[in-house]
Amino acid sequence: LLTSGTAGAKEVVAGALSSLAENPDNQIAIAEAGAIPPLVKLLTSGTALAKEHAAGALGNLACHFDNQIAIAEAGAIPPLIALLMSGTAGAIEKAAAALWNLASSYQNKATIAKAGAI
């Protein structure tokens, strides 16, 4: 549904994944199920609410170290920074939290800085 559902379905699924990813046991399972690339795509192509939920899901997934590099490699950092500049208040909060979690990886710190977040 993240890739082929309606705009409303994508919002609901991204919101559900954000909630599920609050549980550490689910963080790897969600990533292994292939959810990271479609969540990253929603950051640029989704509705305002889908972008907020996708940023929240990615932020929660980034609590697990193994997901931090995968999220960055999927291209999440530039659209998360873009949300800081033009997103809704909720999306800005979720994008900032996601970048915070991603920055706990030294490799991602440099990528975040080069992408203009500082």
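At what angle do helix 1 and helix 4 pack, and how far apart are their axes? The views below start from that pair. The model is predicted, so local features are reported at pLDDT of at least 70 and side-chain atom pairs at pLDDT 80 or more, while totals for chains, interfaces and linings use all residues. Residues are numbered from 1 along each chain as its sequence is written, and side-chain values use heavy atoms, without hydrogens and water.

**View 1. Packing of helix 1 with helix 4.** The two helices pack at an angle of about 25 degrees, with axes 8 Å apart. Axes here are lines fitted to C-alpha atoms, for helices over the stretch in contact, and angles run from 0 to 180 degrees between N-to-C directions. Helices are DSSP runs (H or I, at least four residues), numbered from the N terminus. Helix 1 and helix 4 are therefore roughly parallel, a term for angles under 35 degrees. Helix 1 passes helix 4 in a left-handed crossing, in which the near helix is turned anticlockwise from the far one by less than a right angle. Glu-11, Ala-14, Gly-15, Leu-17 and Ser-18 of helix 1 meet residues of helix 4 that include His-53, Ala-57 and Asn-60; contact means heavy atoms within 4.5 Å. Ala, Val, Leu, Ile, Met, Phe, Trp, Tyr, Cys and Pro count as nonpolar, Asp, Glu, Lys and Arg as charged, and the others, Gly among them, as polar.

View 2. Leu-17 lies in helix 1 and, at 14% relative accessibility, counts as buried (under 20% relative accessible area, with exposed over 50% and partly exposed in between, for a 1.4 Å probe and protein chains only). Neighbours within four places in sequence aside, Leu-17 is in contact with Leu-2, Ile-30, Ala-35, Leu-39 and Ala-57. The C-alpha atoms of Leu-17 and Ile-30 are separated by 7.7 Å, although the two are 13 residues apart along the chain.

**View 3. Packing of helix 3 with helix 4.** Helix 3 (residues 36-45) and helix 4 (residues 48-61) pack at about 140 degrees, and their axes are 8 Å apart. The crossing of helix 3 past helix 4 is left-handed. Among the residues that meet are Leu-39 and Leu-43 in helix 3, and Ala-54, Leu-58 and Leu-61 in helix 4. This contact has 11 nonpolar, 2 polar and 1 charged residues.

**View 4. The largest nonpolar core.** This core has 32 residues, and Leu-39, Leu-43, Leu-58, Leu-61, Ile-71 and Leu-80 have the most contacts inside it. A nonpolar core is a set of buried Ala, Val, Leu, Ile, Met, Phe, Trp, Tyr and Cys residues joined through side-chain atoms within 4.5 Å. Helix 4 gives the most to the core, with 6 residues. Beyond four places in sequence, Leu-80 is in contact with Leu-43, Ala-55, Ala-95, Ala-98, Leu-99 and Leu-102.

**View 5. Helix 5 and Ser-105.** In helix 5, Asn-67, Gln-68, Ile-69, Ile-71 and Ala-72 are buried. Their cover includes helix 2, helix 3, helix 4, helix 6, helix 7 and helix 8 (106-114). Ser-105, in the loop between helix 7 and helix 8, counts as buried at 2% relative accessibility. Apart from neighbours within four places in sequence, Ser-105 is in contact with Phe-65, Gln-68 and Ile-69.

Technical notes:
Angles under 35 degrees count as roughly parallel, over 145 as roughly antiparallel, 65 to 115 as roughly perpendicular and the rest as oblique.
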